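Please read the following report alongside the sequence and the three-dimensional model.

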Amino acid sequence: MNPGAAATVAFAVTLAASALPADGQSQRPAEAAEGPGDASAASPEERGEAFRDVVDVEVVEIDVFVADRRGRPVRGLKRDDFELRVDGRTVEVSNFVELPGNRATRGAVNPGRSGGDGAGPPPLTVVFYLDDLNTHPAHRERLLRQLEEAVEPLRRTNARFMLAAFEDHVRILVPPTRDLDALLEAAAIRPKGQKDAVPTQWGRRKAVRDMLRSDENCALTPMCEPCVDNWGELMGIGRTFAYDEWSRVDVAADGLADLVTTLAGVAGRKAVVHVSSGLPQQPGLSAFTYLVDQVCPSINSEIIRNHNEASGAMRTSNVAGRLNLVSAHANANRVTIFTLDAAGLRASSNLGISFPVSRTALGGRPEPSPRNDMLYATNAQDGLFLLADETGGKALLNSNDMVDLLHDFAEDVSNTYSLGFLLTDRRPTQVRQVEVRLVSGKAKARSVRYRRSFREKTLEERLAEQLMSAAYLGGEENPLGASLYFTGSETVQQGSYGLIVGVVVPEQSATLLPGPAGSRQGRLRLWMLAVEEDQGFRTTVRQTIARVGGAGGVPANSGTYRFEVDIKLPEGDYTVAVGVRDETSGLVSLALDAVTVPLVPP
């Protein structure tokens with residue numbers, strides 16, 4: 001495309017890794033610095049523009065599942081059967097629907113932001129998410145063999161399906177589709193596992209072995225008092241194991257948060273089936289407990305003081321706060337997490353260690369006790385419980401049969417109530433607490449599951465997430481008729497190239513309002529993202545607002561407004577996504593195009 005005359009938009013785009021900040025929240029786009037396309041901080045009247053008062057009304061929807069004493073879904077409840085509280089204060093339920101999850105509907109579905117065909121609410125999106133880094137290869141292989149039979153109940157639901165996996169970063173294997181068989185075909189060709197997916201059970205075995213070796217060596221060394229003189233070494237072994245478990249949970253939390261951000265722009269309910277071999281809530285718990293209970297039982301005051309140090313290490317390694325941040329991020333994006341423990345039925349430790357002695361130096365048993373085995377298993381599942389409970393989902397545990405587990409999942413997502421309320425007390429970015437109850441007479445022997453919080457997003461955040469979803473999942477929407485072109489691609493420095501991204505918007509798409517001296521002027525918001533999926537990189541999202549038409553605005557050229565952005569990218573194949581919003585009408589266009597950097601001359 002011939003770029004013609006174009007305005008230079010004053011924002012820069014830099015490359016960032018595909019991960020969220022440590023707080024688990026999505027990236028908040030920054031406004032551009034002052035420049036030719038920058039929006040003035042002055043009021044519309046001071047700029048000589050027409051003033052329009054826009055009332056933004058937001059309805060927050062809380063998805064609720066009600067079960068009887070046997071865990072079976074309760075149907076047929078009405079609006080008046082529920083009480084809804086936000087931050088402890090009762091709010092009126094303005095919207096209520098019993099979602100028809102078991103009744104499939106016809107019609108093609110756009111996998112992008114709208115998510116529906118215009119008939120009724122957007123359908124449920126079911127995401128199977130394989131956390132490969134935290135799943136034993138044998139566990140994952142067993143579950144994938146059962147997947148075809150296990151998903152049969154989901155064919156009756158009004159849902160779309162998606163397959164994603166976490167390796168070194170989140171990979172979208174199958175974007176949202178009605179074709180469940182496409183997901184099964186992609187899952188069938190998945191590799192058995194990656195070499196980095198080392199189960200923590202192996203790390204636990206090494207920690208036990210190293211503690212016993214330290215204990216035995218000290219007992220055989222003159223002037224070495226076991227659990228006193230070698231305490232630092234024993235604690236170091238425990239901390240090494242705890243750090244290994246902690247780092248895996250931290251990476252898993254980053255990956256899950258990144259998936260949630262990718263789903264943010266998808267309309268309607270999203271249910272993620274998170275498959276892993278567990279997420280320990282207290283990393284290192286089984287190793288520290290083995291140390292104080294079995295290797296170094298309490299026989300004198302000095303060892304007891306050492307036990308206090310071990311107890312402190314266990315408390316500080318708790319990752320509940322980290323997982324709560326991910327849960328809050330999921331709740332903000334209407335994502336319910338169902339955690340599936342790929343380990344299935346957890347038996348005794350069976351660590352496979354040969355114990356050279358029948359007792360430790362202080363008389364403890366060398367093999368981990370049944371209590372220690374139970375601690376290890378429950379700790380691995382505690383993180384799964386937390387994620388599911390906070391988002392209104394369910395932990396699918398203690399079964400080697402995926403058919404049974406996904407049957408429960410299908411029952412849950414197919415029998416959901418949606419309670420909506422008008423958000424009048426606006427507190428953007430603040431996490432708000434939610435409580436749902438059944439009224440007296442309806443609550444007896446029934447349990448209620450729902451997402452425990454929500455967060456009102458800023459406009460900039462919502463737009464950035466819509467663009468990110470489009471870049472990864474497709475489904476661009478373009479009512480303004482925006483288009484892209486690429487030029488440049490000059491070497492900036494070693495391995496980095498300057499790429500010019502041109503954005504073209506038809507003049508007739510912009511709403512112009514009367515201004516001074518009979519001129520007419522409008523405002524277009526632009527924001528941009530470049531994604532390189534193979535290596536897991538994406539640029540940060542930057543936004544700016546440009547005035548078009550009238551005095552001082554970008555003039556139309558041959559019936560179009562044109563803007564150019566210079567971004568710096570390393571070599572690779574990218575999807576460039578650009579958003580354009582008419583600030584007067586509120587219409588949003590999302591345009592995508594592929595480009596290889598450096599550009600190959602035609």
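Which residue is the bridge partner of Arg-432 in β17? The partner of Arg-432 in that strand is Phe-454. This is a predicted model, in which local features need pLDDT of at least 70 and side-chain atom pairs count only at pLDDT 80 or more, while totals for chains, interfaces and linings use all residues. Residues are numbered from 1 along each chain as its sequence is written, and side-chain values use heavy atoms, with hydrogens and water left out.

Strand β15 (residues 431–438) runs antiparallel to β17, and 3 bridges join them; strands are DSSP runs of E with at least two residues, and helices are runs of H or I with at least four, numbered from the N terminus, and two strands pair if DSSP finds at least two bridges between them. Both strands belong to an open sheet of 4 strands in the order β6-β5-β15-β17, with antiparallel pairing. Its edge strands, β6 (89–91) and β17 (453–455), each pair on one side only.

The structure holds 6 aromatic pairs, that is, rings of Phe, Tyr and Trp (its six-membered ring) with centres within 6.5 Å, called stacked when the planes are under 30 degrees apart, edge-to-face when over 60, and tilted for the rest. Two of them are tabulated here.

| Pair | Type | Centre to centre | Angle between planes |
|---|---|---|---|
| Tyr-243 and Trp-246 | stacked | 5.8 Å | 25 degrees |
| Phe-421 and Phe-454 | edge-to-face | 5.7 Å | 70 degrees |

Phe-421 lies in strand β14 (residues 415–422) and Phe-454 in β17, so this pair ties together parts that are 33 residues apart in sequence. Phe-421 is buried at 2% relative accessibility, and Phe-454 is buried at 3%, where buried means under 20% relative accessible area, exposed over 50% and partly exposed in between (1.4 Å probe, protein chains only). Tyr-243, by contrast, is exposed at 55%, and Trp-246 is partly exposed at 34%.
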